[in-house]
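Here are a few exercises to work through with the model open beside you. Try each one yourself before you read the solution.

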Amino acid sequence: MAETPQKAPAGEAREKVPMMQQVLDNPFLLLFLGVTVPAVLYLIWGIMEVASVPVGQ
Amino acid sequence: MASIDATAAGSGVVNAPYRMCRFTGLKVDQAAETLIKVHAVTAVIFLALGGLMGLGVALTRWPAVQILPPEWFYLVLTGHGANVLLFWIIFFEMAVLFFASAILLGSRLAAPKVAWLGYILMLVGALMANYAVLRGDSTVMFTSYVPMQASHWFYLSLIVFAVGALISVMVFFATLVVAKNENTYDGSVPLVTFGAITAAIIAVFTLASGAIILIPTWLWSLGLITEIDSLMYKVVWWGMGHSSQQINVSAHVAIWYAIAAMVLGAKPLSEKVSRMAFLMYILFLQLASAHHLLAEPGMSASWKIVNTSYMMYLAVLGSMIHGLTVPGAIEAAQRRNGFTRGAFEWLTKAPWGNPAFSGMFLSLVMFGFIGGISGVILGTEQLNVLMHNTLYVPGHFHGTVVAGTTLAFMAMTWLVVPLIFRRDIIWPTLAKWQPYLFGIGAGGISLFMMGAGTLGVPRRHWDISLADAAHRAVEFPAAAYLMMGLNGLFAILAALGGLVFIVTVVASILAGPKLDGPDAKMVFPLHDASRQVSEYGSEGTLKLPGTIILVGIFFAAFVLYYFVNWKYLSELWLFN
């Protein structure tokens, strides 16, 4: 079976890092995305739906 | 264990005492080590308490036994939910965060005193919640839906606990910054740390949602707010209630990768693919909270379908990727270790006697087959009506949180005891059997509750015979009673597995053979390449015949079960 270890050589960090890897290497960008997406799609949209239910008389 | 206590941590950085672990070669920051110990021990204490309450719940719902009267049943059910779904799990997760940051990155822990503050707040919150529940005026169950009202101490306790947990999560993020600034690692963080980052991100959303809803609810319990809208409460509360279980999923998947690396020397098949799967969790996993609201008339079909059937499937895709890459990484490692015959020698010759491995693999299989598949069924709006608010729901989440997360955390504990407490397992034979006892018990609980739920047994009612009801409109079939009895029997088995776990772990910590001598050996040894857990690198192969067959079986089960439920649904409408 092919075993092709891809351990990052020491000099790799100085090479151009792909954009997706830069995104994944930034925990605070991920934190922003991971809070914003559910906050908008689930919480804010959900709260707006509840707020728009007519009040019973 | 050869440990070198030293105070030097590299030039130009803050000095912090650490030791070198001779089994893994990892640099162990002493502040992080102590915090891991106290969080893990506290977690196990709450597991014992919550587990005992869980046994009381199962033995009450077994109609032939019905051990608790109704008032006690609902009280114990409330305590069971809080102790195991929140306190056991989140205390252990904080230990995982400190391990995945300070230990795996070879860094000092940022702000240990702040981390202690977080721990103390969590402990105070957890004790306060138990006090509020046990004194009998907060019997509102885990969901605590308004307008049911608990004592203000109950809501305050959860707020204090959440603030403490949030502080610990911030220490985790700060430790990532410290490690980066002090160059303790090159390039990208290890995959296990990336999984922990995923868990921490979901934790921030979870705890923020908890604060948004629990603070006004606390004010309502104090009489300072006149009313909390029940649907508004449900929407925001589930942002905490279900997302807290998604922290577990991310943490236990990270643990699967960690145990595979430490016990078998496994590398991820592809760092890129596994990280993309975790990214799917970060973006979409929390949205699954909406499946609890699929029967709410106040929410639109668009909101329900976007949050569940569209976005949730992207998170499911992430889980299915891990479901391929974790056993795939194990197969690749085992083949590298020399087990190359046929499609399954890697699996049959795996270290099934090592409780860390067996617990991890059972967790992987049961999470996928039981918790995962049933989660997709519950998340499909049309199918959800078949079992909404029935016992199927607890069946599903016992498949994810008990058979999946708890078993994975138990498996990790068999490594934490020798590596962090530096005590070997005192009774290896008991430890060897523990994952099977607990795993089979937990699997049985999940399946039989799901079976009873499919027959319509309600989620929370004390007595399925409805003996004290004025009008018995529903009569459940005999099979439902059988399911509840089997649920009780398997709960006893799981409780036995839990007892063996707690007794063996505590005895090992207190009196297990010491592992700090130069010739000491672990009774359940690590792989020579266990250091892989803290490194970046892919296996880079897809020649995995055994894993492909296993994944094929999973898909067949998934598709079959999915369509069986559509068949059930079609029988609800008879067009003659």
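**Exercise 1: a threonine and its surroundings**

Then work out whether B:Thr78 is buried or exposed, and what its side chain meets.

Before you start, note that this is a predicted model, with local features needing pLDDT of at least 70, side-chain atom pairs counting only at pLDDT 80 or more, and totals for chains, interfaces and linings using all residues. Residues are numbered from 1 along each chain as written, chains are lettered from A and ligands numbered from 1 in written order, and side-chain values use heavy atoms, without hydrogens or water.

*Solution.* 
- Step 1: B:Thr78 has 1% relative accessibility, so it counts as buried (buried is under 20% relative accessible area, exposed over 50%, partly exposed in between; 1.4 Å probe, protein chains only).
- Step 2: A polar atom of the B:Thr78 side chain sits 2.8 Å from the backbone nitrogen of B:Met141.
- Step 3: Leaving out residues up to four places away in sequence, B:Thr78 touches several residues, including B:Val133, B:Ser138, B:Met141 and B:Phe154 (touching means heavy atoms within 4.5 Å).

**Exercise 2: aromatic pairs**

How many aromatic pairs does the structure hold over all chains? Classify B:Phe448 with B:Phe490, then B:Phe554 with B:Phe555.

*Solution.* 
- Step 1: There are 31 aromatic pairs over all chains. Rings of Phe, Tyr and Trp (its six-membered ring) pair if their centres lie within 6.5 Å; planes under 30 degrees apart are stacked, over 60 edge-to-face, and the rest tilted.
- Step 2: For B:Phe448 and B:Phe490 the centres are 5.3 Å apart and the planes at 50°, so call this pair tilted.
- Step 3: B:Phe448 belongs to helix α14 (residues 428-454) of chain B and B:Phe490 to helix α15 (residues 478-511) of chain B, so the pair ties together parts 42 residues apart in sequence.
- Step 4: B:Phe554 and B:Phe555 are edge-to-face, at 6.1 Å centre to centre and 65° between the planes. B:Phe554 is buried at 17% relative accessibility, while B:Phe555 is partly exposed at 41%.

**Exercise 3: charges over rings**

Which rings lie under B:Arg22 and B:Lys27?

*Solution.* 
- Step 1: Apply the test: NZ of Lys or CZ of Arg within 6 Å of the ring centre and within 35 degrees of the ring normal.
- Step 2: B:Arg22 lies over the face of B:Phe23, 5.0 Å from the ring centre.
- Step 3: B:Lys27 lies over the face of B:Tyr18, at 4.6 Å from the ring centre.

Terms used
A polar contact is a pair of N or O atoms within 3.5 Å; within protein, one must be able to donate a hydrogen and the other to accept it, and residues adjacent in sequence count only if both atoms are side-chain atoms. Helices (H or I, at least four residues) and strands (E, at least two) are DSSP runs, numbered from the N terminus.
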